[in-house]
Amino acid sequence: MSARLIDGAAIGAEIRAEVAAQVALLTAQGIVPSLAVVLVGEDPPSQIYVRSKAKACIAAGMHSEVITLPADTPGAELASVIDRLNADPRVHGILCQLPLPPQMHDDAILRRIDPAKDVDGFHPVNVGKLVLGDPSGFKPATPYGIQQLLMRSGIEPRGAHVVIVGRSNLVGRPLANLLSLPGAGGDATVTVAHSRTHDLAAMCRTADILVVAIGRAEFIKAAAVKPGATVIDVGTTRVNDATRPRGYRLAGDVAFDEVREVAGAITPVPGGVGPMTIAMLLVNTLQSASAQRAGR
Ligand SMILES: NC(=O)c1ccc[n+]([C@@H]2O[C@H](COP(=O)([O-])OP(=O)(O)OC[C@H]3O[C@@H](n4cnc5c(N)ncnc54)[C@H](OP(=O)(O)O)[C@@H]3O)[C@@H](O)[C@H]2O)c1
């Protein structure tokens, strides 16, 4: 039997509508939530992501500022742009689209962003708050979006064995923290697998909820999935495809056609995790603007 499709586009739209309603209330009180996105260089996928983020902000009634800098911008110049945004009370959220060019040192730049405006949730202060379960921090948008996908699809992490394949600081590790925290949307038993895991397929087959974030097109096959399990596919890899107008298609980390015959529920690529990431970025920007209003 074919798995139920988890529709990230529809759930993302629902969240964006909820955000828009809150933005309207804040705007009536004189605060327009605002997100500043810094893009360095001309990486085409990054340009697409930044455009989508700006479009989503505007559609939710937020203000969006995109700052584009040439790839050879000195690190000190980017730092002074961030300092200006940190000091500007009209800006509630700041993010630097990754990857940054090599001379920029991602870590130093991400640490320069005021943690109170770090809506990507990458600053060590926000990473620490996530680990501690302190709700005043920002949760990184992709793991936060995956948690919302599960909760809003009626898939309960509580007591479930979640296997996350991939241990990046962007997806796998923060997701493991979120889902293992006590309380709503958490209480899962989490295993984080990676390239050194012995017998990955056997490990994956123990999962009630399998999340795959490795960036390898269609790597997880049906044999690695327990019948009835929920499968969340985070991967987005461009695969050459001459039949598509752009000459490529986006592939997930999961062999969708065969896995959907075994799984109980599954996210498609595109239209699964991707739209949730943008929706949760808006949630974080709204959280920051609301905190400013509350004087925190
Ligand atoms: N849809 C979205 O919004 C969204 C957001 C973020 C990321 N993504 C996508 O998600 C994917 C992962 O992104 P990322 O930033 O987390 O990637 P990353 O930093 O490259 O990390 C990849 C992880 O996968 C593990 N891995 C690689 N090959 C493996 C294998 N054969 N078996 C087991 N583990 C393996 C690596 O293990 P080691 O640590 O052992 O090397 C690493 O932990 C990418 O396709 C990215 O484009 C999508």
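Author: What follows takes the terms in turn, with the values behind them.

Author: This is a predicted model, in which local features need pLDDT of at least 70 and side-chain atom pairs count only at pLDDT 80 or more, while totals for chains, interfaces and linings use all residues. Residues are numbered from 1 along each chain as its sequence is written.

Reader: Why is His 105 called partly exposed?

Author: A residue is buried if 20 or more other C-beta atoms, placed from the backbone, lie within 10 Å of its own, exposed if 12 or fewer, and partly exposed in between. His 105 has 14 C-beta neighbours inside 10 Å, so it counts as partly exposed. His 105 lies in the loop between strand 4 and helix 4 (helices are DSSP runs of H or I with at least four residues, strands are runs of E with at least two, and both are numbered from the N terminus). The phi of His 105 is near 55 degrees, a positive value in a residue other than glycine.

Reader: What makes Asp 187 count as partly exposed?

Author: Asp 187 has 15 C-beta neighbours inside 10 Å, and therefore counts as partly exposed. Asp 187 is in the loop between helix 7 and strand 6, and its phi is near 65 degrees.

Reader: How do you know that the buried residues of helix 7 are on the same side?

Author: Those residues are Gly 172, Pro 174, Leu 175, Leu 178 and Leu 179. They cover an arc of only 160 degrees around the axis, which puts them on the same side of helix 7; the arc is that of the directions from the helix axis to the C-beta atoms.

Reader: What makes a set of residues a nonpolar core?

Author: The members are buried Ala, Val, Leu, Ile, Met, Phe, Trp, Tyr and Cys residues joined through C-beta atoms within 7 Å. The largest such core has 80 residues, of which Leu 210, Val 211 and Leu 282 touch the most other members. Helix 10 (residues 273–293) provides the largest share, ten residues.

Reader: Why is this core said to lie between domain 1 and domain 2?

Author: Domain 1 (30–127) and domain 2 (141–273) both give residues to this core, so the core lies between them. The domain bounds come from an automatic or database domain assignment.

Reader: What makes the bond between Leu 98 and Pro 99 a cis peptide bond?

Author: Its omega is about 0 degrees. Pro 99 is in the loop between strand 4 (93–96) and helix 4 (106–112).
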